[in-house]
Amino acid sequence: MPEVRYVKTTCSICGHNQCGVIVEVKDGLVKQIKPDRNDPMSKGSICPKSIASVQLLYHPNRLKYPMIRDGPRGSGKWKRISWNEALDIISEKLMNIKRESGPEAVVMARGTNRGSWIRLFNRFANSFGTPNWTESGGAQCFTPRSFAQQLTFGGIALEWPDAEASNTVMVWGADPPATWPPKSRKIIEAKSRGAKLIVVDPVLSNTASKADVWLPLRPGTDVAMALGMINVIISEGLYDKDYVNKYCMGFEELAKRASEYTPKKVSEITWVPEEKIVKAAVLYATNKPSSIAISATFDEIVDPIQLGRAVSILAAISGNVDVKGGNIFPETAGQISVDTNDFIMIEDLPEELGRKRLGADRYPLLSRYLKVNFPMAHYPTVLDAILKGEPYQIRAMFIMGGNPALAIANADKAVEALNKVEFLAVADLFLSKTAELADIVLPVASWLEYDGLADSAQATYGHLRIRQKVATVGEAKSDTWIMIELAKRMGLKGFWNSEAEYLDYILKPTGYTFEQLKEKGGIIYHEPQIGKKLELGFNTPSRKIELYSNRLKEWGYDPLPFYREPFESPYSTPELAKKYPFVLTTGRRVSTYFHTAHRNVPALRDIYPEPVAEINADTAKELGISAGDAVKIETAHGFVIMKAKTTQGIHPRVIAVQHGWQGLANDNRITDNQSCADGIGSTTLRGLLCNIRREVK
Amino acid sequence: MKYSMVIDTRRCVGCNACTAACKIDNATGFGVDYGRVLELEVGQFPDVSKVYLPILCMQCEDPECLKVCPTGATFKTEEGIVLIDKEKCMGCRYCVVACPYMARFFYDDSGKPSDLPRMDSEDERNGTVEKCDFCIDRVRDGQNPACVDACPYQARIFGDADDPNSEVHKLIASGRAKTLKGEEGFGASVYYIW
């Protein structure tokens, strides 16, 4: 009889660390991954990526042991080495550079949150002494919107819609069915109970297909839309007067600012009819409780801080923050929170090194330590420094979980920099386009191959779940293990002797060891305590929700949200728009891929085999483009070739392309990394200008 | 006994978790979709709506595919499931054309992207017709089909339509769940709620 066992664990294929799953293991091999419908957090949520992780796990092209370059960079010639050799080489090289050129000459860059090691990575960088840690996400994902929310209500409530108890849900610049199933499951449950759904998205997305009100705005004009809704809610007296009086400060100033954004004006900016804007605003403010679900749009437009602020304010004045059915704050299950400046040991980094952080001068909200953020180097500035040797020479890059060769705006320039840097070490599951250029590559474990905790900031709402090792592939090791072993060799402060010790450290306040928690079922759970901030005060200087931000004013920024046209648009650059008459978003996502990953997994690629550009069917007809044609999309920065999908679910003057493909379909060939958002440094990925035509071979 | 499936399209958001589970569980070759999710668009921008429609073999009462099979490879089981005997299938593809739901696939690996790895099952399957069999091995083992187990939104309900206590029986009997192309009389075992 074959031995079959079922293991409850936590998926992290998308980095959200939220889906409880059941893994069927037969004779030691993973056979099947199913959603765990009894999990109190995810309640059966799962995505194709998680289900197909069986093929990822046993993929023939997985990196199975450490390798060192055995020919010129990018030659594809590699020599197998042992883990000891690999870790010795990396730690010696990085320590030598630290001695010779200062720790800031070493850049530590991470990508996906492949598990829960991300804050350990920050801790590693600070303990090593380099201010130059950065993320491919970074200014493009979570950081700006988190910062804006921290400023406004001292926490990241917009990350979590308590949608199951909502009467209205507004999904803004996000498509949870494709990217965040636990959220979409809640939304579908709310809908089936009769809740109303508003979707703000240029494209008729998976979520928008269920919308009662769909606001297909011009990409990049989200701040105007939010201010327009605030205008309606205030001018029609629909705001929650009691809530505003008790919990908010700066309402008068906000009202004055919002009065500039009449529905008429906002309609002209966003290309959405006035009556739809009013309808959405009234519905959201009156059919309460209402919750909002957001995502990376909030980090990829011309002015992310303003969008994070404006939508936070919208939620606040409607009385929908920290209330049941509204938006709620994350809460640990009692473990040590990794999402603190204490945990990342920021205070251990000498101030003079902090000042050297690349980007600190131009993008202080991203790169200076302002005690509300995790300061990080600005990726495009890092690449510039590598290429130009200014303001100082970057000599080494250590990349974990990231693929900047594809994932960074103006990808060709990223490749140039990766080729140029003196020493490049990359840890990944596969020989990615970035790993191909490395001096040394380390094989990383997938989420099925290590013991861990699912405890990132966005994942934790009163629950903590474990992840369990159910398989072994070659010599692949977890990211956490790699950092701990490197830290040992480098003699870094604040690290542990083993992964097990680290997990027990995090769990200590809960009274469990990892093994004990595993035995107990692998989960700690309590219902999130809603209303705590209303009772005890918000984590801001005024202890209130700061509609008007004195801190922004102090730092030299507008204390109130305002709309700024994208760097390129039919209105801000009319001349450029003559050559590139369409508005472009590169924000399209499908459920089978996470950024640049997973196109090599057969079951996933079979679902979405080709890179797709969406174009309005009438526009396509005018241009002689048929569904399935190869099309060339060109911007001032480059071109891509994709397959046309013709649809009525997009404005006739908007083009939407998918993100994450390689070669001529890489969307970051047509994005720009020179014009970056004020203060926070984000590159614009939604709201560029382009042209499109049928590609004739 | 008549195994049947009811799909609530109101709960389907087109995430394709079902498709992935199907592909993994059945180790389908590239381009072979035992199950897939169609996107149907109605209207003109901006007054446009979209419905996701999961499609699979409807396990017809009176299957067109069976009628045209020249070798007797296609047959029906007592549970109402339509199967293909691989040994008898010669790959003529009459059934692929005859199926009113376009749920049958002839497998050859020519369309597969060159950067994908080869699967164990590919050689043995090349040149034959395949389709959904309601995951018959799982079902006989007392489990649900893979797509039903995978759906995060519980949009799919599976059971014996002949059992008056089953949920599928109740939904079908209530008239809320209807077959596609029902008026043409193929006797599909897959029902939809709109």
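Select chain B, which holds seven helices and ten strands (DSSP runs numbered from the N terminus, helices being H or I of at least four residues and strands E of at least two). The model is predicted: local features need pLDDT of at least 70 and side-chain atom pairs pLDDT 80 or more, while totals for chains, interfaces and linings use all residues. Residues are numbered from 1 along each chain as its sequence is written, and chains are lettered from A in the order in which they are written.

The C-alpha trace of chain B spans about 45 × 45 × 30 Å along its principal axes. Of its 194 residues, 44% count as buried (20 or more other C-beta atoms, placed from the backbone, within 10 Å of the residue's own).

Next, select the contact between the chains, to which chain A gives 45 residues and chain B 34 (two residues are in contact if their C-beta atoms, placed from the backbone, lie within 7 Å). On the side of chain A, helix H7 (181-192) is among the elements that give two or more residues, as is strand E3 (29-35). H7(A) gives the most, with five residues. By class, this side has 21 nonpolar, 19 polar and five charged residues (nonpolar: Ala, Val, Leu, Ile, Met, Phe, Trp, Tyr, Cys and Pro; charged: Asp, Glu, Lys and Arg; polar: the others, Gly among them).

Finally, select domain 1 and domain 3 of chain A, whose centres, taken over C-alpha atoms, are 29 Å apart (domain bounds come from an automatic or database domain assignment). Their contact takes 17 residues from domain 1 of chain A and 18 from domain 3 of chain A.

Terms used:
A residue is buried if 20 or more other C-beta atoms lie within 10 Å of its own, exposed if 12 or fewer, and partly exposed in between; C-beta atoms are placed from the backbone.
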